[in-house]
Amino acid sequence: MNLQFSLFLFILTLLCSCKNTDSSPPPTPAVSRDVKYELTGTASGQFTNISVTYIAASGAALSEDKITLPWSKTLKINDNVAAITFQTAVSSATPNQTITAKIIVGGVVKVQETALVASNGIATLALPVYIF
């Protein structure tokens with residue numbers, strides 16, 4: 001009986017001390033590809049132009065001119081697109097007012113910048129690249 005008990009303890013110890021040999025990393029949670037580009041601010045005046053350039057679902061850069069504040073664009077970015085960015089320019093705006101640009105992914109603000117309209121009525125923003 002003592003031999004059986006010793007054998008049982010030996011096998012139990014062996015089983016408990018075995019390492020998991022599966023070296024594959026745990027699965028990465030899916031990153032949302034639902035993106036909203038947003039432009040807001042206090043900037044006003046006789047705008048001659050407000051333009052935005054953003055990355056479309058396909059990864060191509062698209063521009064829209066003569067938009068009004070607030071402005072937003074919501075889309076789903078394709079899986080083959082690794083990164084996105086957003087930029088804007090305002091001209092003939094009232095000095096010392098602001099424009100704020102955001103990249104929102106999955107409902108969470110990932111990148112945000114604010115610019116002050118200069119004395120010449122111009123403000124520009126180029127957001128840092130967001131990498132999925």
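Here are some numbered notes on the predicted model shown above.

1. Let's start with the overall layout. The chain has one helix and 10 strands.

2. Now look at how the chain meets itself. Take the contacts with a separation of 6 or more: 62% of them are between residues 24 or more positions apart. Keep that in mind when you get to the salt bridges below.

3. What about inside and outside? Of the 132 residues in the chain, 30% are buried. The chain exposes about 8500 Å², and 58% of that comes from carbon and sulfur atoms.

4. The largest nonpolar core has 28 residues. Which of them touch the most other members? They are Tyr37, Leu39, Trp71, Ile84, Phe86, Ile99 and Ile103. As for where the core gets its residues, the elements giving two or more are β1 (34-41), β2 (49-55), β4 (71-76), β6 (86-91), β7 (98-105), β8 (108-116) and β9 (123-126).

5. Leave out its neighbours within four places in sequence, and Ile103 still contacts Val35, Lys36, Tyr37, Ile84, Thr85, Phe86, Val108, Val109, Lys110, Val111, Leu127 and Pro128. Tyr37, Ile84 and Phe86 in that list also turned up among the core residues that touch the most other members.

6. How many salt bridges does the structure hold? There are five. One of them joins Lys76 and Asp34, whose closest N and O atoms are 3.3 Å apart. Lys76 is in strand β4 and Asp34 in strand β1, so this pair ties together parts 42 residues apart in sequence. Lys76 counts as exposed, with 53% relative accessibility, while Asp34 counts as partly exposed at 39%.

7. Glu38 deserves a point of its own. Is this residue buried or exposed? With 15% relative accessibility, Glu38 counts as buried, because the cut-off for buried is under 20%. Glu38 forms a salt bridge with Lys36, with the closest N and O atoms 3.4 Å apart, and Lys36 counts as partly exposed at 29% relative accessibility. Glu38 also pairs with Lys102, where the closest N and O atoms are 3.5 Å apart. Lys102 belongs to strand β7 and Glu38 to strand β1, so that pair ties together parts 64 residues apart in sequence.

8. Lys36, Glu38 and Lys102 are linked in a network of salt bridges.

Notes
Residues are numbered from 1 along each chain as its sequence is written. This is a predicted model: local features need pLDDT of at least 70, side-chain atom pairs count only at pLDDT 80 or more; totals for chains, interfaces and linings use all residues. Side-chain values use heavy atoms; hydrogens and water are left out. A nonpolar core is a set of buried Ala, Val, Leu, Ile, Met, Phe, Trp, Tyr and Cys residues joined through side-chain atoms within 4.5 Å. Buried means under 20% relative accessible area, exposed over 50%, partly exposed in between (1.4 Å probe, protein chains only). Helices (H or I, at least four residues) and strands (E, at least two) are DSSP runs, numbered from the N terminus. Contact means heavy atoms within 4.5 Å. A salt bridge is a side-chain nitrogen of Lys or Arg within 4 Å of a carboxyl oxygen of Asp or Glu. Accessible areas come from the Shrake-Rupley method with a 1.4 Å probe; for residues, only the protein chains shown count as cover.
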